[in-house]
Amino acid sequence: MPTRRLSGLQKDVLRLYRDCLRAIRNKPEVSRPRFYAFARREFDKNISTVSRTDVGTIEHLLRVGRRRLEQYMSSNIQDISIVDMRTSDPR
């Protein structure tokens, strides 16, 4: 069975995801699970809402993702909080 070739944009998305995972390895061990969960959630969120053919949106999300990655790679950022807005009770 032949393997389907990835487009350049798909390769860019996978590269960003791998770069995120590599950057997490430099974070303190106790906070890594939260960084992994955050990265996974961000990619999952966009998988379900963005069409594969929406090149403009995907390119925008890649730029935003790269900027966020640069911010989170800072040694000043040691941990991250994840808030689930779907289950938060505003009261």
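Does Ser31 count as buried or exposed? Ser31 counts as buried because its relative accessibility is 1%, where buried means under 20% relative accessible area, exposed over 50% and partly exposed in between, with a 1.4 Å probe and protein chains only. The model is predicted, so that local features need pLDDT of at least 70 and side-chain atom pairs count only at pLDDT 80 or more, while totals for chains, interfaces and linings use all residues. Residues are numbered from 1 along each chain as its sequence is written, and side-chain values use heavy atoms, with hydrogens and water left out.

**Overall fold**

- The protein has three helices and zero strands, in the order α-α-α from the N terminus on, where helices (H or I, at least four residues) and strands (E, at least two) are DSSP runs numbered from the N terminus.
- Along the principal axes, the C-alpha atoms fill a box of roughly 45 × 35 × 30 Å, and 21% of the 91 residues count as buried.
- Of the contacts (heavy atoms within 4.5 Å) with a separation of 6 or more, 67% are between residues 24 or more positions apart.

**Packing of H1 and H3**

- Helix H1 (residues 8–24) packs with helix H3 (residues 55–72) at an angle of about 20 degrees, and their axes are 11 Å apart; axes are lines fitted to C-alpha atoms, for helices over the stretch in contact, and angles run from 0 to 180 degrees between N-to-C directions.
- This angle makes H1 roughly parallel to H3, since angles under 35 degrees count as roughly parallel, over 145 as roughly antiparallel, 65 to 115 as roughly perpendicular and the rest as oblique.
- On the H1 side the contact is formed by Leu9, Asp12, Val13, Leu16, Asp19, Cys20 and Ala23, which meet Val55, Ile58, Glu59, Leu62, Gly65, Arg66 and Leu69 in H3.
- The residues of this contact divide into nine nonpolar, one polar and four charged, with Ala, Val, Leu, Ile, Met, Phe, Trp, Tyr, Cys and Pro counted as nonpolar, Asp, Glu, Lys and Arg as charged, and the others, Gly among them, as polar.

**Ser31**

- Ser31 lies in the loop between H1 and helix H2 (32–49) and, leaving aside neighbours within four places in sequence, is in contact with Gln78 and Asp79.
- A polar atom of the Ser31 side chain lies 2.7 Å from the backbone oxygen of Gln78.

**Asp44**

- Asp44 is found in helix H2 and, at 34% relative accessibility, counts as partly exposed.

Conventions
A polar contact is a pair of N or O atoms within 3.5 Å; within protein, one must be able to donate a hydrogen and the other to accept it, and residues adjacent in sequence count only if both atoms are side-chain atoms.
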